[in-house]
Structure formats: C-alpha cells, structure tokens
Amino acid sequence: MIIPLLKGLKVTLGYFFSKPITTQYPEEKIPPAKRWRGIQYFEKDERGKTKCVACGLCMIVCPSQCIYIETAEDEEGKRYPSTYELDASRCIFCGFCEEACPVKAIFMGKNYEWVEEKRDVYLMTTERLLEEKANNP
Amino acid sequence: MELLYLLIELIVKCVVVFAGLMIVVAYLTWLERKVLGHIQVRMGPNRCGPYGLLQPFSDAVKAFFKEDLIPERADKAVFVISPMICIIAAISIFAVIPFGNQFTIPGTNWVVKLRLADIDVGLLYIFGIASLGEYGIVLGGWSSGNKFGLAGSLRAAAQMISYEVALGLSIIGVIILSQSLRLTEIVSAQAGGFWNWNVWYQPVAFVLYIICGLAEINRTPFDMPEAESELACGFNIEYSSMKFALFFMAEYAHMVTMGALAVTLFWGGWQPPHPALGFIPGFIWFCIKLFVFLFFFIWQRGTYPRLRYDQIMKFGWKVLLPLTLVNLLITALIVALKG
C-alpha cells in the first residue's frame with residue numbers, strides 16, 4: 001500500500017521539475033493551422049480595387065445570411081459591388097463564400113483576434129475587407 | 001522597569017510573530033498555486049508582479065471588495081462568529097511553538113527567547129485549541145442554513161473525532177521519550193545532530209502524525225468537509241468576502257502550525273542537523289524544516305485523490321488507531337525495559 005503512494009509522489013515530483021507546456025497567450029501565440037478559417041479578406045486586382053464582380057453567389061451560399069450585396073456597373077461596363085456588407089458578428093466562418101467565389105475575390109484569413117465594444121463595427125464593408133488583406137500576408 | 005521591558009518585548013514578539021505568520025500564510029497560498037501549477041505542467045500565477053509574487057495582495061484586495069452576503073435563513077450571530085473562531089484558534093496555536101533558541105540584544109544583557117509563551121503543558125494547549133478551531137467549521141456549516149454546509153460540518157465533526165484520537169496517541173511516544181509536554185524541552189531533548197531527532201526513534205509515529213495532521217487540517221486526501229465535487233465547497237458554501245478569506249487563512253495558518261509542530265516534535269525544532277552547522281541561527285533551520293513540510297503538504301495534495309467518506313472513517317478507526325496504540329505500547333515497553 002505504501003509503495004504505490006510513494007510512486008505517485010515520485011511521478012508528481014518529476015512533473016514538478018519538468019518544463020510547463022503552457023503557451024503564454026498574449027505574449028506568444030500558436031500560429032493557426034494551415035486550413036484555418038479566420039476573418040475574411042478581399043483580394044485586390046491590378047487597379048487596387050476589389051476583384052469581386054458582385055455575382056451574389058456568396059450571398060446565396062452563406063448559411064447565416066450575413067452577406068449583403070448591391071450590384072452596379074462602372075464606366076467600362078464591368079460589374080462591381082456598390083455595397084458589399086459582411087456582418088462578421090453573424091459569420092460562422094464556414095468558408096462557403098471562399099469556395100463559392102468564381103473570381104477568387106474573397107478569402108478566409110488567418111486572423112482570429114477581433115473584439116469590439118459595439119456591434120456595428122463588425123459590419124465589414126468593401127474597404128474594411130480590403131484592409132483586412134494586410135493581416136494576411 | 002524590568003516589567004516594562006518585559007511587556008515591550010512581549011508586544012514586539014506578538015506583533016512580529018503575527019505579522020510573520022500572516023505573511024507566511026499569504027505566500028503559502030501563492031506557493032500552493034505555483035507548486036500545484038507546476039505539478040500539472042502549467043505555470044501557476046504569474047501575472048501579478050514577477051513570478052506572480054503580488055498575487056496574495058491582489059487576492060486580499062479582491063476579498064475586501066467582494067459583497068459580504070449573509071443568507072436570510074442563517075443563524076446570523078453564529079454565522080459571523082464562526083470564521084473568527086477558526087482564525088483565532090489557528091493563530092493562537094502558534095503562541096507556544098518555539099521557532100528559535102534565544103539571543104542577547106547587543107549592548108545589553110537582555111535575553112530574548114524566540115517563543116511567545118513557554119508553558120509547561122504546551123502540547124495539551126495545542127490540542128485543546130486545535131479542537132476548538134473545529135467548532136468554527138462545524139458552527140459555520142450549520143449556521144449557514146444550507147444542506148451542503150450542514151453535510152460538510154457533520155463530516156468535519158466526525159472526521160475530527162476520528163482523527164484527533166489517533167493524532168493525540170501518535171505523539172504520546174514522543175512525550176514518553178522526552179519526558180515532557182513543554183515544547184522547548186522536547187526540542188532540547190533532540191539536540192546534538194540529526195541522529196538524535198525523534199523521527200528516528202518514532203518513525204511510525206511520525207508517519208501517523210503526518211497522516212492524522214492532514215486529516216486534522218482538512219487537507220487533501222482528507223478534505224471531506226469541503227469536498228468540492230460532491231458538497232460544492234461544504235461548510236464554507238455560503239461564505240463570501242472577508243469571512244471566506246478568514247476561513248481560508250485559518251486553514252493555511254493551521255497548516256503552518258501542523259508543519260511547525262511536526263518540526264518541533266520530530267525534526268528537532270530549531271536544532272541544526274549537525275553540531276558543526278550551529279553557526280547558522282536556529283530560526284533559519286526552523287524555517288528550512290518548516291518549508292520542507294509545507295512543500296510536502298502541497299506536493300501530496302497535487303498527487304493523491306480524495307478518499308471516499310466511509311474509507312476515511314474505516315482508515316481512521318481500523319488502521320490508524322490500532323497502529324498508534326501498538327506504537328505506543330512498544331515505545332512504552334522499550335522505555336520501561338531500558339529503565
């Protein structure tokens with residue numbers, strides 16, 4: 001009866017002197033997985049504008065219906081989203097928008113740290129989605 | 001004039017011992033969390049100051065500012081008094097612990113003895129006060145008007161009765177060997193190196209003392225009164241704010257006292273482990289030995305699971321009590337035969 005108790009003490013003492021496996025979160029971070037789906041971003045075209053052609057496929061495929069698009073045509077007759085709103089507070093990060101996109105305009109990013117005090121800040125517009133590209137080199 | 005000096009000495013000693021004990025208690029909570037953390041391969045508190053060293057103060061501030069709730073169906077007077085009973089009992093035990101030899105204040109011939117009270121029934125006093133502390137737990141659980149609290153306090157009462165017997169009997173061997181209840185004499189009887197310590201003459205009693213001591217201070221694996229998993233904190237379930245903190249402090253102060261008593265009775269108190277090491281003050285030796293015990297108390301908490309209630313009772317009455325009796329008989333027989 002005594003030997004197992006002493007063995008237990010030996011095990012815990014061994015662990016006591018081993019190095020903790022904790023990652024000290026705000027200071028050090030574990031990089032997200034290769035296929036991690038974080039906050040979306042827009043890919044830019046040569047003119048520095050969005051590649052999005054406002055086809056509306058992402059809006060249709062989105063399960064939580066967090067994408068809203070209004071379509072317009074520019075002077076060259078090219079379609080672009082005059083309004084593109086992605087409500088990040090409702091997004092479930094399923095990645096369907098990225099899969100559905102025929103022109104590879106929207107992508108799931110790697111960023112997962114986003115906290116705001118107000119809800120309306122989570123409403124991502126075209127500009128905000130283009131800015132988000134900076135977080136995903 | 002002599003009397004005035006004596007009074008000043010006493011007050012200074014009281015304040016120093018009280019402050020020291022409180023600091024030890026505060027940092028014991030830090031040590032416990034840190035050691036448990038490292039045993040579980042995590043960091044433990046490390047956000048408040050370097051290595052989390054300011055954590056106890058942060059906890060104290062938090063405890064002060066928490067809302068102090070008294071349940072409507074509680075017996076209010078008893079509810080308020082019971083944490084006080086706990087902390088007072090836990091602190092006043094320390095009055096008779098000799099934590100060092102004596103020294104002369106430089107420039108005078110005034111001898112300061114490093115103990116608050118050197119009474120000739122020291123051990124009796126300790127056990128009396130320690131059992132008094134259990135009233136705090138029993139009354140606290142009962143008066144909070146909560147079923148879990150009541151169950152916790154009933155368990156505390158049963159456990160105290162079962163283990164106090166074995167605890168008292170386990171140290172009688174030491175008393176037989178040193179022929180005294182006075183703690184300073186028990187320490188003096190162990191002078192002259194570690195081979196004279198009682199732990200070598202009373203190894204069984206030492207182990208039994210540690211086990212019963214753990215049960216007495218309601219510590220894992222015997223923390224029945226506050227079993228988190230089944231009683232949701234047991235006797236202190238309705239306590240919040242500083243009242244809870246008092247229970248907490250009492251528990252840790254009691255732990256320090258149990259460790260200090262183990263050092264005094266079995267590990268030669270302030271005596272150095274070898275006469276050649278006598279140049280280091282006895283107080284330092286006392287602290288080192290005490291630290292070993294405190295570390296062990298925390299270490300075993302990180303190791304052992306809680307016993308089931310009936311197992312604890314069975315273990316107390318059917319294993320510990322017979323063992324202590326046999327140990328006592330053998331010790332008495334040997335001492336009698338040696339003359």
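In chain A of this predicted model, residues 24 or more positions apart account for 71% of the contacts with a separation of 6 or more. The radius of gyration of chain A is 23 Å, whereas a compact globule of 137 residues would have one near 14 Å.

**Overall form of chain A**

- The C-alpha trace of chain A spans about 85 × 30 × 30 Å along its principal axes.
- Of the 137 residues in chain A, 18% count as buried.
- The secondary structure of chain A consists of 4 helices and 5 strands.
- In sequence order, these elements of chain A follow the pattern α-β-α-β-β-α-β-β-α.

**Strand pairing in chain A**

- Strand 2 (residues 67-73) and strand 3 (residues 79-87) of chain A pair in the antiparallel sense, with 7 bridges.
- These two strands of chain A form a hairpin in which 5 residues lie between them. Within the turn, G77(A) has a positive phi of about 80°.

**Contact between chains A and B**

- The contact draws 11 residues from chain B and 10 residues from chain A.
- On the side of chain B that touches chain A, helix 1 (2-39) and helix 11 (282-301) of chain B each supply at least two residues.
- Helix 1 of chain B gives the most to that side, with 3 residues.
- By residue class, the side of chain B that touches chain A comprises 6 nonpolar, 4 polar and 1 charged.

**Nonpolar cores**

- The largest nonpolar core has 76 residues, of which C86(B), Y209(B), C212(B), A253(B), V256(B) and A262(B) touch the most other members.
- Helix 10 of chain B gives the most to this core, with 16 residues.
- Leaving aside residues up to four places away in sequence, Y209(B) touches L167(B), S170(B), I171(B), A262(B) and F266(B).
- A second, separate core has 18 residues, including F42(A), C58(A), C97(A) and A105(A).
- In soluble globular proteins, nonpolar side chains tend to be buried together.

**Helix 10 of chain B**

- Helix 10 of chain B covers residues 241-266, and its 26 residues reach 38 Å from the first C-alpha to the last. This reach is close to the 38 Å expected at 1.5 Å a residue.
- The helix is mostly covered, with 22 of its 26 residues buried.
- S241(B) belongs to helix 10 of chain B and has a positive phi of about 55°, although it is not a glycine.
- S241(B) counts as partly exposed because it has 15 C-beta neighbours inside 10 Å, and a residue needs 20 or more to be buried.
- After the helix comes G268(B), whose phi is positive, near 75°.

**Loop residues of chain B**

- E67(B) lies in the loop between helix 2 (55-65) and helix 3 (76-92) of chain B.
- E67(B) counts as exposed because it has 6 C-beta neighbours inside 10 Å, and 12 or fewer is the criterion for exposure.
- Among residues beyond four places away in sequence, E67(B) touches S240(B) and S241(B).
- The C-alpha atoms of E67(B) and F286(B) are separated by 39 Å, and the two residues are 219 residues apart along the chain.
- V41(B) lies in the loop between helix 1 and helix 2 of chain B. Its phi is near 55°, a positive value in a residue other than glycine.
- V41(B) counts as partly exposed because it has 13 C-beta neighbours inside 10 Å.

Definitions and conventions
Residues numbered from 1 in each chain as written. Chains lettered and ligands numbered in written order. Predicted model: local features only at pLDDT ≥ 70, side-chain atom pairs only at ≥ 80, totals over all residues. Expected span 1.5 Å × (residues − 1). Contact = placed C-beta atoms within 7 Å. Nonpolar A, V, L, I, M, F, W, Y, C, P; charged D, E, K, R; others polar. Pairing = 2+ DSSP bridges. Core = buried A, V, L, I, M, F, W, Y, C linked by C-beta atoms within 7 Å. Rg over C-alpha atoms; globule rule 2.2 N^0.38 Å.
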